[in-house]
Amino acid sequence: MLALRLTRGARPAVQLRRLLVTAASAGTGFLLLCALGHAIGHAGTPSASLLRLAWCAAPLAATVYFAVAVARTDPGTRPRSGLSALGLGPARLMAVSATTTALACTLGSMIALLVFLHLRGDLTGMPFDGTGTDFLAAGRPLPLPAALTLLTLVPVSASVAVATALRPRERAAGPSRKERTVYGRFGAYRATTARETFGAYGRFGAHLEPAAHGRRPAAGRRAAPEQAQAEAQAQAQAQAQAQAQQDRVRADLPGRDSGRPQGAEGSPAPVAAGPSPGAGTAPSGLPWGIAVLAMGLAVEAYAGRTGTAPGDRPGAPAGLVLAAVGLALAGPGLTHLCGRLLQSVRPGALRLLAGRVLMAEATRIGRPLGVVCAVLSGAYAMGSLHYADGPSAGPLTLLGALLVTGCTVATLLTAAVEAKQAHAGTTAALLRLGAPPSTPRRAAALRAGALLALFGPLTVIVAELSTLPLAL
C-alpha cells in the first residue's frame with residue numbers, strides 16, 4: 001500500500017520514467033513470448049528456438065539496467081532524516097523501491113501478454129487480429145505455465161537488482177577491532193596502548209593529578225596546552241586559505257554582481273575550486289577495460305580468419321561481447337581523464353567547475369556512457385555481420401535493437417539527472433556566490449561537448465575495428 005501511495009504521489013517526470021520502464025518491460029516480455037511461440041511452431045528445431053531465447057538476454061539486461069537507474073533517481077524512496085522514526089529506514093525504503101519496480105515491470109509483462117494473445121488471434125474485437133500467425137504459433141495451444149514463467153523474468157530480475165543496488169551499506173554499530181576501547185589496570189580507560197611498568201599503579205598518587213600533590217606536571221600534560229594552541233592556529237590558517245581561495249573564485253567568475261550584499265555570498269568553504277570528495281582518485285577499471293577491449297578485438301580478428309562466411313564464425317559474437325564489456329569497464333576511467341584534461345593548461349572558473357564535476361561523477365556518468373558506446377559499436381558490427389549475406393532484418397530483430405539502444409540511452413540520461421540532483425547544493429552555492437544563472441548550463445554544455453569529443457571517435461574506431469575482421 002505504501003508503494004502504491006508513493007507511486008501515485010510522484011512528480012510527472014518520475015511517472016514518465018516509470019512508464020518508460022513499463023514500456024521496456026512490455027517489449028522484453030513480448031520478445032520472450034515470441035521465442036516461446038517459435039519453439040511451439042518449430043518443435044523439430046529446438047536449437048534455433050534456444051538461440052532466439054538466448055538473444056533475448058540483451059534486451060532483458062538492458063531493461064533491468066534501466067530499471068535500476070530509474071529506482072536510484074526516485075526522490076520518493078530516498079532516505080531522509082526523520083523517516084527512521086516512522087519505520088521508514090533505509091531497508092524499508094529499499095523494499096518499497098523494489099516493490100515499485102516490480103509493479104511497473106509486472107504491468108509491462110501483462111501488456112506484453114495481451115498484445116501477444118491479440119496478434120495470435122486469441123483475443124478478437126481489435127485491429128490487427130491474428131496478424132502474427134506466421135511466427136507466433138497461432139492455432140496451437142499456448143502452455144500457460146511456460147508463458148507465465150517467461151513473463152516473470154523481467155519483474156523478478158529488476159526487483160532483485162534494485163534491492164541489491166539500493167541495499168543499506170551502513171557499517172555495523174559495534175566498534176571495529178582498531179577502534180575498541182583500551183583498558184588499563186583495574187578496568188580504567190586510557191587513550192594509548194603504552195604498557196606500564198610493574199608496580200606503577202601501586203605507587204600511591206601516581207594516577208592522580210600532579211598539581212594536587214605539588215609535583216611538577218608530566219611532559220605529556222605540559223605539552224597539552226601547547227598542542228591545543230597549535231591546533232587552533234592550524235584551523236585558523238586553514239580558514240584563511242579557504243577564504244582566500246573563495247575570493248579568487250569570485251574574481252574569476254564572469255559577470256559577477258558587485259552590488260550583492262556581503263551576507264548572501266555563500267558558505268565559507270570554496271565550492272568550485274576545492275577538490276570534491278573522490279575527485280582526485282581515478283577509477284581503477286581503465287586498465288582492465290582496455291585489456292578486455294583488446295582481447296575482444298583479437299578474438300574477432302581470429303574469428304574472421306577461421307570462418308569462410310560471416311554466419312560461420314562462432315567466435316565473432318564472443319569478441320563483440322568482450323569488446324562491449326571492455327568499453328563499459330573503461331567508461332569511468334575515460335570520463336575521469338576527460339575531466340582532468342578539461343582542467344589542464346591554466347583553467348578558468350568554467351573549465352574548473354566542469355572538470356571537477358566530471359571527475360567527481362566519473363563512475364556515475366562514465367559507466368552508462370561506456371555501455372552506450374558499447375551498444376552502438378556492437379549494433380554497427382552486428383548489422384554488418386547480419387547484412388553480409390543480404391537478408392533483411394525482421395520486425396523482432398528491429399524491436400530488440402530498439403529496446404537495447406533505447407534503454408541504454410535512457411539510462412545515460414537518467415544518470416545525468418541523478419548527477420544533477422547530487423550537485424544541486426553546489427549549483428545553489430555558486431548562485432549565492434554571485435555566479436550568473438547561465439554558469440551551470442554552460443558548464444553542463446562544456447561537459448557534454450568534452451565527453452562527445454572523446455567518446456564519439458572512440459565508438460567509431462571500435463566499430464570499424466570490430467567490422468574489419470568480419471568483412472574479410
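This is a predicted model: local features need pLDDT of at least 70, side-chain atom pairs count only at pLDDT 80 or more; totals for chains, interfaces and linings use all residues.

Residues are numbered from 1 along each chain as its sequence is written, and side-chain values use heavy atoms, with hydrogens and water left out.

Side chains of opposite charge can pair when their charged atoms come close. The criterion for a salt bridge is a side-chain nitrogen of Lys or Arg within 4 Å of a carboxyl oxygen of Asp or Glu. Searching the whole structure with it gives four salt bridges. One of them joins the side chains of D74 and R18, with an N to O distance of 2.4 Å. This pair links distant parts of the chain, 56 residues apart: R18 is in helix α2 (residues 12-41), and D74 is in the loop between α4 (57-72) and α5 (90-120). Helices here are DSSP runs (H or I, at least four residues), as strands are (E, at least two), numbered from the N terminus. Both D74 and R18 are buried, where buried means under 20% relative accessible area, exposed over 50%, and partly exposed in between (1.4 Å probe, protein chains only).

Another salt bridge is formed by E418 and R72, at 3.3 Å from N to O. It too links distant parts of the chain, with E418 in helix α13 (residues 395-422) and R72 in helix α4, 346 residues apart. E418 counts as buried because its relative accessibility is 12%, whereas R72, with a relative accessible area of 41%, is partly exposed. E418 also meets R364 in a salt bridge, at 3.9 Å from N to O. R364 lies in helix α12 (residues 362-386) and E418 in helix α13, so this pair ties together parts that are 54 residues apart in sequence. The relative accessibility of R364 is 27%, so R364 counts as partly exposed. R72, E361, R364 and E418 are linked in a network of salt bridges.

The cysteines are next. A disulfide is a covalent bond between the sulfur atoms of two cysteines; the test applied is a pair of cysteine sulfur atoms within 2.5 Å. The count by this rule is zero.

Helix α2, which holds R18, can be checked for length. Leaving aside neighbours within four places in sequence, T22 is in contact (heavy atoms within 4.5 Å) with A104, L107, G108 and I111. T22 and S109 are 87 residues apart in sequence, yet 8.0 Å apart in space, C-alpha to C-alpha.

H423 lies in the loop between α13 and α14 (424-433). At 16% relative accessibility, H423 counts as buried. Again leaving aside neighbours within four places in sequence, its contacts are V357, A360 and E361; E361 belongs to the salt-bridge network.

On the surface, W288, V321, V325 and L329 form a nonpolar patch with about 410 Å² of accessible area together. Helix α10 (residues 315-342) gives the largest share of this patch, three residues. V325 is in helix α10, and is partly exposed, with a relative accessible area of 37%. Patches are made of residues with over 30% relative accessible area and no salt bridge, joining like charges within 9 Å and nonpolar side chains (Val, Leu, Ile, Met, Phe, Trp, Tyr) within 5 Å. Accessible areas come from the Shrake-Rupley method with a 1.4 Å probe, and for residues only the protein chains shown count as cover.

Backbone angles come last. Most residues other than glycine have a negative phi, and most peptide bonds are trans. V345 has a positive phi, near 60°, and R346 has a positive phi, near 50°. V345 lies in the loop between α10 and α11 (349-360), and R346 is found in the loop between α10 and α11. V345 is exposed, at a relative accessible area of 70%, and R346 counts as exposed at 79% relative accessibility.
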